[in-house]
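Have a look at the sequence and the model first, then read on.

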Amino acid sequence: MSESISTQGRTVGVREVAVLAGVSRQTVSRVLNDHPEVAAGTRERVLAAMDELGYRMNNAARALGTRRTRTLGILASDALQYGPSRSIAAIESSAREAGYWVSAAFADAADDAAVASAVNHLIAQGVEGIVVVAPHARTLLALDVSRIGIPVVTLHSAGRGARGLSVDHAAGARLAVAALAEAGHTRIAHLAGPVDWLEAESRVEGFQAELADRGLPAGRVLVGDWTARSGYDAAGEIRDSGATAVFAANDQMALGLLTGLREMGLDVPGDISVVGFDDIPDSAYYWPPLTTVRQDFGELARRAVASLISGADAAASDLAPVAPVLVPRASVAPPR
């Protein structure tokens, strides 16, 4: 029996729900387990009785009866940056909407033993699948998916690894470069993310490919660390490079770059145009408001959860890259 404590402080179980709904305890259990052969009217009566009684399903009790935990694991090697942190929150929300719980474990991507320990921790909790938020190349190297024994999906891995699911970062970089090129810029630099990050690597590839396809000169590539400070520190090199436009690999670095350029007496976008990546909530309030590339973290999470729940029958559309979108604002203008 799945039981819970109601809002009135008394224990409410399947028996009480069945009595109020006028059905058997077996019917209530079928509703709890999403059994397809329950009539719509009966299901509505059971759900109404649960709501009236303040019934809340106990997942541990349900697992004992069904031998399923309806729990998904999240293994994260970096939860501090905007993309991974937003994805973790979106995964929990998508799992909850699908009737699943989540359990998270965090590990240092540089420590193979820590990654293995985190995986074992999740498996010991009976998770039915694992979403690996793996922006680092070394996280994928540390994973032995073949020995995990349950479905695994990797996020922020630029589509690499087993069931790698990601935003199309190369396409997003192309959108950024295209916005600058179509404004008339021919000398475009790129402030890239850290070398070990797979997304950063894909954005560099997209940047270089779009320049080449447009017949523009190869642009200067500087490496940052995702922080506003690294964008600020790069301002002098970008000024000295002669670039009239910059594609920053995330909005935080773009923020620091805007400040650094302004302190040097350069106007954005009058002297240098800037495009970011992520469309964080604050980017619309930078000065000037930042043109950027938006990632749909909610859709990415929905596809990851759907893929794990479907298992081997996952639809190809759930594993396809998520298309990014350019968000034009005031930080891009034609070169002087």
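1. Let us start with Asp 240, which is exposed, with a relative accessible area of 58% (buried means under 20% relative accessible area, exposed over 50% and partly exposed in between, with a 1.4 Å probe and protein chains only). Asp 240 forms a salt bridge with Arg 239, their closest N and O atoms being 3.0 Å apart; a salt bridge puts a side-chain nitrogen of Lys or Arg within 4 Å of a carboxyl oxygen of Asp or Glu. Arg 239 is partly exposed, at 41% relative accessibility.

2. A word on the basis: this is a predicted model, where local features need pLDDT of at least 70, side-chain atom pairs count only at pLDDT 80 or more, and totals for chains, interfaces and linings use all residues. Residues are numbered from 1 along each chain as its sequence is written, and side-chain values use heavy atoms, with hydrogens and water left out.

3. The whole structure holds 14 salt bridges. In one of them, the side chains of Arg 174 and Glu 210 meet at 2.7 Å, N to O. Arg 174 lies in helix α8 and Glu 210 in helix α9, so the pair ties together parts that are 36 residues apart in sequence (helices are DSSP runs of H or I with at least four residues, strands are runs of E with at least two, and both are numbered from the N terminus). Glu 210 counts as buried at 10% relative accessibility, while Arg 174 is partly exposed at 29%.

4. After α8 comes Gly 184, with a positive phi near 110°.

5. Which residues touch the most other members of the largest nonpolar core? They are Leu 191, Ile 238, Leu 257, Leu 261 and Val 274, out of 22 residues. Such a core is a set of buried Ala, Val, Leu, Ile, Met, Phe, Trp, Tyr and Cys residues joined through side-chain atoms within 4.5 Å. Helix α11 gives the most to this core, with five residues. A second, separate core of 20 residues includes Tyr 100 and Leu 300.
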